[in-house]
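Q: I am new to this structure and would like to learn how to read its features one at a time. Could you take me through them?

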Amino acid sequence: MPRTLSAILYRSESLVPPNGAEERDMLVKAALRNARLGITGLLHREADVYYQWIEGPADNLDSLYEDILADPRHRDVELLLRSPIAQRQFDGWSMGRTDRDCTLLFDWATQHDVSMRAMRPEDFLSFLNDCSFSVLRQDAPANPAG
Ligand SMILES: Cc1cc2nc3c(=O)[nH]c(=O)nc-3n(C[C@H](O)[C@H](O)[C@H](O)COP(=O)(O)O)c2cc1C
């Protein structure tokens, strides 16, 4: 039986400096672990707010999310979506991230008449789609060790 493919979208408050050593180290390790677990996704940071979309086999995704919840580099993790999906949004992306040239989510929401407080997963995906020109791929090496 094929394993169920699921996606999780959450928002949290970052406790580490943007683009600092801790964050870069986290992204490199995340890409490696995600590659091993068959997880793909993307992290968007805006001021001190993280939005992360992760997708993959439901069992692996749930155990990764447990670790993310307990991670001291952020707090106030708020789950926005946990749902089975028919296909991946970020196939081949071990862990993408948006860069600072990406349109601000706040501006995008204003332009699209979307409330920041009532942001729906489809709104967030639509935002990512609009700013995908400035999304950086954080690929794992072809043969990750371990
Ligand atoms: C905002 C944020 C996003 C993260 N995303 C991932 C991720 O996509 N994949 C991953 O393996 N770890 C991610 N991590 C790191 C995990 O929380 C955790 O540190 C890592 O999986 C290693 O787990 P361990 O420290 O229990 O070995 C993220 C951490 C934070 C703060």
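Predicted model: local features only at pLDDT ≥ 70, side-chain atom pairs only at ≥ 80, totals over all residues.

Q: Which residues come nearest to the ligand, and which elements give two or more residues to the shell?

A: The shell holds 17 residues, and those that come nearest are Ala 30, Arg 33, Ile 68, Asp 71 and Arg 73. Two or more residues are given by helix 1 (21-37), strand 2 (40-46), strand 3 (49-57) and helix 2 (58-69). Sorted by class, the shell has 8 nonpolar residues, 5 polar ones and 4 charged ones.

Q: How many residues are in the largest nonpolar core, and which element gives the most to it?

A: A nonpolar core is read as a set of buried residues joined to one another. In this case the largest such core has 19 residues, of which Ile 8, Leu 9, Leu 42, Trp 53, Ile 54 and Phe 124 touch the most other members. At least two residues each are supplied by strand 1 (5-14), helix 1, strand 3 and helix 4 (121-130), and strand 3 gives the most, with 4 residues.

Q: What does Ile 54 touch, leaving aside residues up to four places away in sequence?

A: Ile 54 touches Ile 8, Ile 39, Gly 41, Leu 61 and Leu 64.

Q: In what order do the elements of the protein run?

A: One reads from the N terminus on, which here gives β-α-β-β-α-β-β-α-α-β, with 4 helices and 6 strands in the protein.

Terms used: Residues numbered from 1 in each chain as written. Near = placed C-beta within 6 Å. Nonpolar A, V, L, I, M, F, W, Y, C, P; charged D, E, K, R; others polar. Core = buried A, V, L, I, M, F, W, Y, C linked by C-beta atoms within 7 Å. Buried ≥ 20, exposed ≤ 12 C-beta atoms within 10 Å, placed from the backbone. Contact = placed C-beta atoms within 7 Å.
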